[in-house]
Structures are given as structure tokens and as C-alpha cells.
Amino acid sequence: MKQNLSKALKLQVAIRANWRYEYCLLPEKALYYPFHIDHIKSIKHGGLNLIWNLAFCCPDCNYHKGTDIGSLSNDDAYFIRFFNPRKDIWDSHFEISDGCFYGLTEIGEITIKILKLNNIDRLIFRKQLIDIGQYF
């Protein structure tokens, strides 16, 4: 569901994230298209248009995440929530090596899988940004 957020609120979310996407850590200045504001807990699942429920998000992560809040484990035995940038510490769930993301927890692994963080095009782009000093 499309939600109208004020420009001031969007700016507040971007500034809090230091203009870096909160799931993939891509700097916003590296893209030629506008950023998105993600509802960490989607409106569909009872999330609100409040600052603590919003994340600065690249279009790719936002597209893949959609209104989902998590996914099933690989064996479909249980539900695993996605990484929540308001509650979780990024380094506790992910590490990055040569542009590739690795999950340190089930939360990290499922977030990488569903957001397609290691899609080959995204991986190549990250490596290029690393090479020119624009990533991390």
C-alpha cells in the first residue's frame, strides 16, 4: 500500500542512516535513481509511518523485501524475521568480504537470501565501488 510520508520525515530517515542504505550499506550517492523509505514492519502487518519503523533503503532491497517481514527457514520448519536496522546491529548479523555478504546468523542469512544481496549484478557493482573507495 502506498503511504505518503512527508519530505521532512524522509529526510530525517536519510540523515539518521548517514545517506547509506540500511540493509546493503550502499551509499545513496552511488545510485542514479532516488532512494526509498522502507517500512521495516509493513503497513500490511500493522507497521506505522513512524520514524522507528522506517529505514533508508535502496530500490533493489526494497523491491525484493516488498511487504515481507521474514521468511521460512531452509527446511520450512520455522519462521525467521529479517534484519531490523532499528533493533539489530549490522555487524552481528553480516560480514562482507570482497563485496560478498555472509550471514553470521539465521537472520543475516535469510535477509541476504530474500533481498538477493549477493545477486551477481549487485556483487559486481559493490566490488567496483570498493575498488574506487566508495563503499565502506
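## Overall fold

The protein comes with five helices and six strands, both taken as DSSP runs numbered from the N terminus (helices are H or I with at least four residues, strands are E with at least two). Reading from the N terminus, the order is α-β-β-α-β-β-α-β-β-α-α.

Before going on: this is a predicted model, where local features need pLDDT of at least 70, side-chain atom pairs count only at pLDDT 80 or more, and totals for chains, interfaces and linings use all residues. Residues are numbered from 1 along each chain as its sequence is written, and side-chain values use heavy atoms, with hydrogens and water left out.

## Size and packing

With 136 residues, a compact globule would have a radius of gyration near 14 Å, and the protein's 15 Å agrees with that. The radius is taken over C-alpha atoms, and the rule is 2.2 Å times the number of residues to the power 0.38. The C-alpha trace spans about 40 × 35 × 25 Å along its principal axes.

About burial: 43% of the 136 residues count as buried, meaning under 20% relative accessible area with a 1.4 Å probe and protein chains only. The protein exposes about 8,000 Å², with carbon and sulfur atoms supplying 55% of it; the areas come from the Shrake-Rupley method with a 1.4 Å probe. Among contacts (heavy atoms within 4.5 Å) between residues at least 6 apart in sequence, 56% join residues at least 24 apart.

## The second largest pocket

This pocket has a volume of about 270 Å³. A pocket here is an open set of points on a 1 Å grid over the protein atoms alone, where a 1.4 Å probe fits, with protein on both sides within 12 Å along at least five of seven lines; lining residues have an atom within 4 Å of a point. The volume is the space filled by probe spheres set on the points, which are joined across faces, edges and corners.

Its lining includes Ile40, Trp52, Phe79, Arg81 and Lys87. By class, there are six nonpolar, two polar and four charged residues.

Ser71 sits in strand 3 (residues 70-72) and is buried, at 17% relative accessible area. Setting aside residues up to four places away in sequence, Ser71 touches Tyr78, Phe79, Ile80, Phe82, Ile110 and Ile114.

Pro85 is in the loop between strand 4 (79-81) and helix 3 (90-93), and its 13% relative accessibility makes it buried too. Beyond its neighbours within four places in sequence, Pro85 contacts Glu22, Tyr23, Ile40 and Ala55.

How values were computed. Ala, Val, Leu, Ile, Met, Phe, Trp, Tyr, Cys and Pro count as nonpolar, Asp, Glu, Lys and Arg as charged, and the others, Gly among them, as polar. Buried means under 20% relative accessible area, exposed over 50%, partly exposed in between (1.4 Å probe, protein chains only).
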